[in-house]
Amino acid sequence: MNESLIKSIAACPACKGSLEVGPQLTCAACGLEFPVVDGIPILINEANSIFSIEDFKQGRPTTYGSPLKGWKRLVSKFIPSINLNLGSDQNYKDFFERLRAKRSRPRVLILGGAIEGQGLDLEPIADQFEFVETDVSFGPRTGIICDAHDLPFNSESFDGVIAQAVLEHVLDPFRCVEEMERVLVSNGLVYAETPFMQQVHMGRFDFLRFSHLGHRRLFRRFTEVSSGAIGGPAMTLAWTYSYFLRGLFVNKTLQKAAFAFGNLTSFYLKYLDPLLKERPGTYDSASAYYFMGTKDGKTLDDRELIMNYKGTF
Ligand SMILES: [Zn+2]
């Protein structure tokens with residue numbers, strides 16, 4: 001546990017009171033107690049979360065299923081992916097450059113940061129930034145367990161916040177973005193990637209999708225730096241086809257075999273996506289969208305929002 005970080009920016013997830021550091025963390029204001037498991041603070045407001053502190057204490061699996069083992073893992077290596085990322089690496093480069101231009105050693109909160117997201121390569125820039133990686137599961141990079149609905153940090157603690165493939169997995173994304181905005185400094189930068197045309201993944205922990213404008217509305221209290229497709233319409237087609245085949249079967253093994261067959265016979269579609277990235281149709285049918293924006297005190301008017309439609313209708 002990074003004690004100086006906890007003392008400087010961490011707060012009670014329930015009442016935002018300050019935390020007293022001991023064998024566990026105790027809220028000085030409301031008295032709630034939060035355990036520290038293997039050096040990782042579990043800062044969950046149980047009154048407003050689908051996760052329970054006890055599960056983390058007992059090491060029960062929360063969001064992740066168990067990784068594939070044995071021959072299943074071997075087979076999965078030979079099945080080409082139907083996903084093609086359209087430029088998270090470039091977006092992150094831009095994001096980090098903008099933060100570096102604002103101040104030295106910016107502090108960045110990474111939600112869903114148990115593992116490094118697509119296009120993120122943190123090691124080479126680890127000395128230039130202070131990364132705080134949170135998640136609702138233990139992973140190689142999890143620093144703090146917390147739920148994005150109740151971020152356990154003081155207001156204006158971060159220069160940047162990243163939420164890559166997170167907001168589809170929360171029950172109240174508007175609340176989560178409000179929290180992201182709260183913990184950002186004025187002129188802080190947000191970056192999010194969220195699916196639009198995708199079937200359910202991560203099983204029971206998958207709730208919502210956003211169109212390009214719906215995603216923009218979610219971040220209406222930010223001024224846009226950039227936005228667009230991060231997974232294209234050909235990826236949408238491959239997912240739909242593979243999930244259709246999977247859904248024809250009741251037997252779990254047949255479901256997996258049908259899905260693998262789907263991937264094997266549609267993976268090549270994704271190579272169309274770079275050509276389609278900027279097309280109007282992509283604003284109606286992309287697999288996922290990204291948004292980068294600045295917290296500058298301005299709110300996008302809803303009438304102005306709908307003027308930003310770029311699709312085919
Ligand atoms: Zn409290």
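Start where the two domains meet: 17 residues of domain 1 are in contact with 15 residues of domain 2, contact being C-beta atoms, placed from the backbone, that lie within 7 Å. You're looking at a predicted model, where local features need pLDDT of at least 70, side-chain atom pairs count only at pLDDT 80 or more, and totals for chains, interfaces and linings use all residues. Residue numbers run from 1 along each chain as its sequence is written.

Now colour the two parts. Domain 1 is 3-57 and domain 2 is 75-307, with bounds from an automatic or database domain assignment. Their C-alpha centres sit 26 Å apart.

Next, select α1 (3-9) and β5 (40-43). Each gives at least two residues to the side of domain 1 that touches domain 2, and β5 has the largest share, four residues. Helices (H or I, at least four residues) and strands (E, at least two) are DSSP runs, numbered from the N terminus. By type, that side of domain 1 has 14 nonpolar residues, three polar and no charged; Ala, Val, Leu, Ile, Met, Phe, Trp, Tyr, Cys and Pro count as nonpolar, Asp, Glu, Lys and Arg as charged, and the others, Gly among them, as polar.

Then hop to strand β10 (residues 184-195) and pick Asn-187. Its phi is positive, about 70°, although Asn-187 is not a glycine. Most residues other than glycine have a negative phi. Asn-187 is partly exposed, with 13 other C-beta atoms within 10 Å (20 or more would be buried, 12 or fewer exposed).

Last stop: Met-202, in the loop between β10 and α6 (212-218). Its phi is near 55°, again positive in a non-glycine residue, and Met-202 is partly exposed, with 13 C-beta neighbours inside 10 Å.
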